[in-house]
Amino acid sequence: MAPDGQRILFRGRANGKDIIAYRGVDEAKKSYFMVPDKSDVNWIRWAGNDRIVISVAQTIEYYMGGEGLATFLVLHDLKTKTTSILRRKGQGMDGDNVLFIDPDGQYLLLSVQKTPSDYPSVFRVTLNDGKMTEVVRPQNSVWNWFADDMGIVRIGVGWQNSKIRFYYRRTADENFVQIGAVRPGEKDALFDITRVVSGSDDGYVLSDEKSGRQALYKFNYRTRQIGDLVYGHDRYDVDDYWLNSDGSALEGLVYTDDRERVVWFDAATKKLQAQIDKAIPDQQAWVVSRSGDGSRMLILGMAPNDPGLYYLLDRKSGEMKILGERQKGLPPAMLATTTAVSYPARDGTDIPAYLTLPPGREAKKLPLIIYPHGGPYGVRDKLNYDAEVQLLANRGYVVLQPNYRGSGGYGTAFSDAGRGQIGVKMQDDLDDGMDWLVKSGTVDAKRVCVVGASYGGYAALWAVIRNPERYRCAASFAGVTDWAAILKYDRRFLSRKARASWEAKVTGDDTLNLSIVSPVQQASRLTRPVLIAHGDEDSIVPISQSKKLVAALKEAGNADFEYKVYPGEGHGFADPVNQKDWFDRLEAFLAKHNPAP
């Protein structure tokens, strides 16, 4: 929703292309503009009421023909109907790190490298002409800059001599001074310092130091001292928190048990949330956007067996009306119920998961689809509606969605248990979920396949390579197949600190040999049928990952596989025609290799 509450912004399709569309809240007619070709949209934000800023990602060639992920900004002006690119010539790969957007839409602050060999500067980008003025010069070792809600760059975080270094100032007239340096692993090293209360040295911080779970504490940025606990959960991490519109006070936070839970610190908003929940009791309700003064809100209500509705809430009139329906016309009776479960892994680790049983069938000796989520780290499944899960359940399959070790939200120990365990213990957790359902009598051990996308696609492929005695088939959309290549590709981790931290988590500080758990290098071991699909404009997991696997399978000559490329698609489906084609192919593939009764 625009800050003045008069327009809404959404994604859609027109003439076979991915578009960004907008319209008045009470109007049917929409305007739109095209997303740049061969790109994925990362995020969309309003800049005032008449400009829209979009972050896009593209796969580009760099360094002797290699592939890399580059991001940049696109600006659309609603008054002039013009679209332009906000990008410096020769800038670094990370070009969408926006620190602040002026509420009136006149300018934004962008942290970007002048060249790939520089540390990032902060530029003030005027949006009427795209002019970039450097307001914070590069500082040795600083990779990440943070601004407060008044647009003052307050914090810099860098990596030098094996230490994380923190730089701070209170006003734009002060110089940055180093206020601390810690080694990774030291007790006060791990916290999220992205928000500062405007005009103050005080703020809030997410830290796992005291409880082993991310909790919200008061924090002084000049002294780097963690203060009193504001909110923590005894089982789950706090996912995020936010300040009010002028950055002067804490407004709310969110954590996830089996569904997202919002905790409001403002009494009036807390009361409003309760009223919304009461108005749509069978759905989980989120305030997904609101006007600057909070008088108008966009509400999404949905459930695991309900695609959901968008509502427009006008707080002045007290009216809440339906604005749009997702997957309109889908009969509720066709949809299955998903429940939260947990099961023990072989080493005793408790693995939370979600189980969907096919409607109208006795839960006994049924075929199973294991459906692992992407990521893998810091991501998790929730009790949300998932069209693919519903399709599989409707066709007669039990669907298990394991939040394997390394998944986010369950505390630091659970997250760290996935360190260096890609293809090893993280894969064991999938196998153990199968065994748990077999032991209960719910599924037939001889009728199990694995289906997934992104990391889930990798897990599916690796399941049939590693344990062909367990699984009849696998289907992968946009799956990772070569871990060494994907680590090299993903330039989001360009800074030495972040890149080293990510690689250490994947490899377990070099204890995991990536080639041993990569399908490309182990292709000759594949003896089960696989379905492989990929969008040819995927900028997150490039299509080269699937191409490499297909080439390796052809060379090995002993694999039964299907391969489908979707032109124009990225890391997911934008065109419903292609989405349907994937569903049709998946349904036919499973019916052939793991038929349901």
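Helices (H or I, at least four residues) and strands (E, at least two) are DSSP runs here, numbered from the N terminus. This is a predicted model, where local features need pLDDT of at least 70 and side-chain atom pairs count only at pLDDT 80 or more, while totals for chains, interfaces and linings use all residues. Residues are numbered from 1 along each chain as its sequence is written, and side-chain values use heavy atoms, with hydrogens and water left out.

**Whole chain**

Start zoomed out, in cartoon.

Now colour by burial: buried means under 20% relative accessible area, exposed over 50%, and partly exposed in between, with a 1.4 Å probe and protein chains only. Buried residues make up 54% of the 597. For contacts, take heavy atoms within 4.5 Å. Among contacts between residues at least 6 apart in sequence, 53% join residues at least 24 apart.

**Ala-14**

Select Ala-14, in strand S1 (residues 7-14). Is Ala-14 buried or exposed? Its relative accessibility is 12%, so Ala-14 counts as buried. Leaving aside neighbours within four places in sequence, Ala-14 is in contact with Ile-19, Tyr-32 and Met-34. Draw a distance from Ala-14 to Met-34: they sit 20 residues apart along the chain, with C-alpha atoms separated by 8.7 Å.

**Two loop residues with positive phi**

Jump to Ser-141, in the loop between strand S11 (132-136) and strand S12 (142-147). Ser-141 is not a glycine, yet has a positive phi of about 85 degrees. Ser-141 is also buried, with a relative accessible area of 0%.

Next, pick Lys-365, in the loop between S28 and S29. Phi of Lys-365 is near 55 degrees, another positive value in a residue other than glycine. Lys-365 counts as partly exposed, at 47% relative accessibility.

**A cis peptide**

Select Gly-375 and Pro-376 together. The peptide bond from Gly-375 to Pro-376 is cis, with omega near 0 degrees. Pro-376 is in the loop between S29 and helix H2 (387-394).

**Helix H4**

Highlight residues 425-440. At 1.5 Å a residue, the 16 residues of H4 should span 22 Å, and its end C-alpha atoms are 22 Å apart, which agrees. (The expected span is 1.5 Å times one less than the number of residues.) Buried residues of H4 include Met-426, Leu-430, Met-434 and Leu-437. Show their cover, which includes strand S27 (338-344), strand S31 (443-453) and helix H5 (455-466). Just after H4, Gly-441 takes a positive phi of about 85 degrees.

**Helix H8**

Last stop: residues 544-556. The 13 residues of H8 should span 18 Å at 1.5 Å a residue, and its end C-alpha atoms are 18 Å apart, in agreement. Which residues of H8 are buried? They are Ser-544, Gln-545, Ser-546, Leu-549, Val-550, Ala-552 and Leu-553. Their cover includes strand S6 (66-77), H5, helix H6 (483-489), strand S33 (530-535) and strand S34 (561-566). Just after H8, check Gly-557, with a positive phi of about 75 degrees.
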